[in-house]
Amino acid sequence: MKLIFLPLLLIIFHQGYAQTSTREFGEISNEEINMTSYDKDPDASAVILFDIGESIFFDTDQGYDIRFTRTKRIKIFDQKAIDQAEISIPIYVDGFGKTEVVKSIQAYTYNLEDGKIVGKPVDESAIFEERRSENVRVKKFVFPDVKEGSIIEFKYVVETPFHFNLPDWFFQDEIPTVYSQYSVKMIPFYQYMFLLQGTSKFDFQKSEVAKEKRTWGVLTKAYGQNLGSGIEFQDYVHTYVLENLPAFKDASYISSIQDYIIKIDFQLAKFYSPSGGSRDIISTWPEMIKELLKEEKFGKYQKNCDKIARKILETQIDLTGKTETEKSELITAYVRSNFVWNGVYGKYASKSPKEFFAQKTGNAADINLFLASLYENAGLEAHPVIISTRDHGKIKTDYPFYHYFNYTIVLVNGEAPFLADGTDSYLPYNRLPPRCINETGLLVKPGTVTWMGLSNGIVSVDNKQITIWPDVENQKSTVNLSVQANEYAGYTYKANFLNDTSAIKKFYEKSLDNIIEVKTFNYDHPVKPYAFNFRGERDLEYIGDHIVISPFLNLAITENFFKEKTRSYPVDFLYAAAKSFKISVVIPKGYKIEEFPEAYKLDNQLAEIKVDYEQNGIIIQIDAKYFFKKAIYQPAEYADLKGCIDAIVKKFNEQIVLIKI
Amino acid sequence: MSNAFEKIEESDNRYRSSRQHLIALATRENLIFVLYLLGFVFTPYGPSQAQIIDYSTNIKVEKNRKITERSYLIQVNNKEESWLSEVGLGYGLSEKIELLEAYVIGKDGKVARKIHKKEIVIKSHRYSGTFFGDRFIKAFSLNWSEYPYRIKYTYRITQDKFIHVADWRPSVFKGITTLKATLQVELPEYYDVVMNFPPTLSHISYQEDGKKILRWELTDYKPAKGEIFAPSDNEVEPEVTIVPHEFTYGTKGSFASWSSYGQFIEMLNAGSDDLPTEEKEKVQAMIEGVTDQREIIRILYHYLQDNTRYINVSIDIGGLKPYPASYVAQNKYGDCKALTVYMKAFLAEAGIQSFYTIINAGDNARRVNENFPSHQFNHVILAVPVGEDTVWLENTSKTAPVNYLGTFTQNRKALLVNGKQSQLINIPKLAIADVLETNIFAFQLDENGNGSVKIKKKVNGEAFELYKALGAQLQKDEQKKYILTHYPLNNWELEKWQITQLNRDEKELEITLAGTCSDQYRNIGKYQVIQPVMIEVPPFEDPANRNRPVRISLPINRTDSSTYTIPQDVFKVELPADIIINTAFGKYAARFSQEGDKIVIFKLFQLYSGDHPESAYNDLYSYIKSIEKAQKKSAILLTRLL
């Protein structure tokens, strides 16, 4: 990771960099149209020949808006990449009259026809606008006449009034990229910081002062001197180039592609007034915290919740004589049961407290800022914490960027401080839902910059008790299965089964037949382990004159889910998890044990695995567990982790053999 | 039709897992010949005691407009059911929608809150298979904090264009009981309709103020749960369908007979054969000197596949009326209708007559009600008569062999559009020979069960379609991942694989796989055991939960032969007994033999297609169970010779 401030005064360096004519929109070379594969990735179905973006600040009546121009050329090699021809351009509408506007779209498909390169345009009538949500519109079109060998190229211009949204740039895509360039023409009134992810340096980078002079305000020139109130300035042009970027390949068990793909982010840092003086927009964490506390949809929202919160505490939640823990449980439970999360994340509230209370539904910030207010009014110290959810990527704590954050939770700072979330009912009051567990969050409290670790280090445990009674006469075993799962293990069962006994039955039908008497416990109880049990049957397996029992019922890992030999990203399991099995097998009359599988034990920094067999009269007892000690494993640990899983697959799928006496 | 929109795409997740991706790919070559007959959007399913207390639909036809008013009173008992409070009302750009009321009723029976205008959100209605459509969703939430509560909302949709008066079902959400469902239809006195509804649904009709009034009411209706190998939900649920005798939708049409409906489709398609001159010349150039009709069809079909693709842009009456051939000529894309009229125009240019054929596509699609001419279709194919025979063309697929109708359209009725001669015809079925899948496994193992495995697989039918999509759509690394995840082998590494099709019109693929394997002997007591590769049998549900008759739409036909070459003179080998299970539903057989150092296992599994009464399910179930049992007992025992 590298942070580079864009300085206002800059040493100009010129470096010869050949801009080949083939990067001009509409100029397709024979070489490109005749390409049949990309030499650096011969299996690639398509390649981005170039992707060039430019952001400039242009004059408007109110000041400056940003104009983003993108030109992209893609070569299609085979049918697998044909969906590259479907283009979506999202635009943001703030709902208060400010909106991004797509000013123009030009798009052509180029094919070789009778030895000539022929371009076919996308007709304007075939460009559609979709209303994705209240705030997001999408311009959509499909390139015509796309086949193997086609080149598709588009150029579009988006104008945005949102200076905070200086367009970011993804250098990497799901197909390889030959050339990716982004240039930003800065005006001296705004200073941005940028952050480059996924690589440490550019193939080419240049910063220079534009030749053209621009003016702000009224210029009155006399003898070469400006006597007016306006000023004259030049743009600073920053250009970043990366070449020959491989396709970004998805991997399972990663937190988010946002954490790994090569991209550059911008954040507005400072505003320099043309008439003198400057203002930090956001240059430090303390500044950001101050801003948030003043913000209508954040700090003020929370304050405005107080009146309603006090009323609720007077009339609906009785906290008299309660301990701090009891209070916490009651308050969180109240919010969880009285308000429905609408599934939308958010660091800012989406409505007024009054509306939220009336509508009984809101986004994560609506709910959790309200929760914070309830805690505060109940006499507990509580502050919002802003975080980035897992799918939203990780926060880089060195750089105070607003856009890192997309969700608000609460720190309750009592005798035993904890983080709280009111959106989800499946967990104890002091646990965050899995989507929130993403390294760290920022405490929004005046006068301090505190980072809160979000993973609690608590191990989720899934206990299974299994009893197997083989019935030789009917060639069946009767099986009792009882499951108790706490923390995130319980959460997962609750969220998947929704306490529906028929869903539980269906799930376990791959292990057992004729499942009956499904009972569940503690679904509505956030703290106690979620539990369920039932009875089922299983055909006895015979091999020769032996009875073979599979005591684990295929309920442990049966197949290694890691297929690749190596790995470049960390494995992110979200939480440390243990699975334990206590199994009893009743030896039927007239039979004895021919052989146990061997016991097994492994205990290292990554995992603990153990399997023990013991005979107790007519009962065989198996005590087994596997425990992934870490939530996150580094790529260097991958091979060992994969090996652990191989061992689990082997040892947790072995059989007991019984033989006639 | 309330579940016509089961799939609402929530995001353009370009990085979804390859398996989901493949499923999406395999099912993409798709439909869209959909009419938006019912406006409701959400059909999730959850366990629930929630109830639809009252669901009333009021349809009025007047002055060639159709005004539909729907009203819902729903009880929500707990937070798990609060998804019912998320309301989404679907409508088209050319329709007028008015929300008449929407409020929450608290425990005390009083109105707890009313919806405010600013809470209502409008967004595009996106569904899979459609690139762009001009339909929208009006969405709002009616949540409350104290349970139980009730929500009530009523809305009205006015349509100028319609072809059905009513497509009504008592169920609103899957799995949720409707306590009272009513349908009232008011028609002008001289407005002729044809109705279809099951005799179990009673109704009344009367005249009032020069209007004809029809009314259905059903109480305590519990929608059945989906069952495997059974007619689909929308075939078993009671439904009232009312179609006008005559209607105008783009052009005048009539449901008097299949012939008249076919004529309407033909009128709607009129002028869609406008192939531009250059394309006509291309056709002539391609078929120059070719006289064999089948060969001409093949050449033109290949041209279609290589140059066009499926993109559905559905605007206004585009659900029924195709974009013309000139549109496809320009864009080289279109939906099933556009691609079909384009192909039809090609053939016409070559002097070959072909017929636009509308069909209800899907793996287990609802059967066409032959006695009730109406719009019961969602897809189009092309029928090309050649002599006594017909060549069938699926025009949305870039990879299907010529004259291949796969799992998506096989074995059902379809409406062949041919002026007055338009009629329902039978689409041929995939017979048992058409779905054959053979696997030849060759294991070469040392005395510890390590070694190599080679597999030669030939696939037809459904597996053909799957592997065809895999080869055509997935990158190499995604293919490998898919095969490793879905192949029923343990402890192996795939090293090489190849998917071969003799030629593009071959209805069979050959797949060869090679890799290394380890630990292929299970230690059980004094034995080491080879567990032969299992043939996967479909999961069947417990007979106790079974209510519907049996329908097997697609047969299964699989043979596996496995050879295990093991070191000579190291083991004594004991083979299980051969087995043959022969039933009315299919056949299973397993044969075991040893020749020198080779153990050879042959397995066969067949499941025949067909319809059987509900009472037959027990037998079918025990057939499947007996196969599972037989496979469990098929272990080969090796005893080490000292």
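Helix axes are lines fitted to C-alpha atoms over the stretch in contact, and angles run from 0 to 180 degrees between N-to-C directions. Helices (H or I, at least four residues) and strands (E, at least two) are DSSP runs, numbered from the N terminus.

The model described here is predicted: local features need pLDDT of at least 70, side-chain atom pairs count only at pLDDT 80 or more, and totals for chains, interfaces and linings use all residues. Residues are numbered from 1 along each chain as its sequence is written, chains are lettered from A and ligands numbered from 1 in the order in which they are written, and side-chain values use heavy atoms, with hydrogens and water left out.

**Helix packing in chain B**

Helix α4 (residues 277–287) of chain B packs against helix α5 (residues 293–307) of chain B at an angle of about 135 degrees, their axes being 10 Å apart. The pair α4(B) and α5(B) is therefore oblique, the class left for angles that are not under 35 degrees (roughly parallel), over 145 (roughly antiparallel) or 65 to 115 (roughly perpendicular). In contact (heavy atoms within 4.5 Å) are B:E279, B:K282, B:V283, B:M286 and B:I287 from α4(B), and B:I296, B:I299, B:L300 and B:Y303 from α5(B). These residues comprise 7 nonpolar, no polar and 2 charged. Here Ala, Val, Leu, Ile, Met, Phe, Trp, Tyr, Cys and Pro count as nonpolar, Asp, Glu, Lys and Arg as charged, and the others, Gly among them, as polar.

Helix α8 (residues 461–473) of chain B crosses helix α9 (residues 476–486) of chain B at roughly 150 degrees, and their axes come within 9 Å. The α8(B) side of the contact consists of B:L466, B:L470 and B:G471, and the α9(B) side of B:Q479, B:Y482 and B:I483. By class, this contact of α8(B) with α9(B) has 4 nonpolar, 2 polar and no charged residues.

**Rings and charges**

Over all chains, the structure holds 90 aromatic pairs, that is, rings of Phe, Tyr and Trp (its six-membered ring) with centres within 6.5 Å. Ring pairs join a cluster in chain A whose members include A:F68, A:W169, A:Y240 and A:F266.

A charge sits over a ring if NZ of Lys or CZ of Arg is within 6 Å of the ring centre and within 35 degrees of the ring normal. Two such arrangements are listed below.

| Charged residue | Ring | Distance to ring centre |
|---|---|---|
| A:R67 | A:F58 | 4.0 Å |
| A:K510 | A:F507 | 4.0 Å |

**Backbone features in loops**

B:Y147 and B:P148 are joined by a cis peptide bond, with omega about -10 degrees. B:P148 belongs to the loop between β8 (135–141) and β9 (149–159) of chain B.

Conventions:
Phe/Tyr/Trp six-rings, centres within 6.5 Å; stacked < 30°, edge-to-face > 60°.
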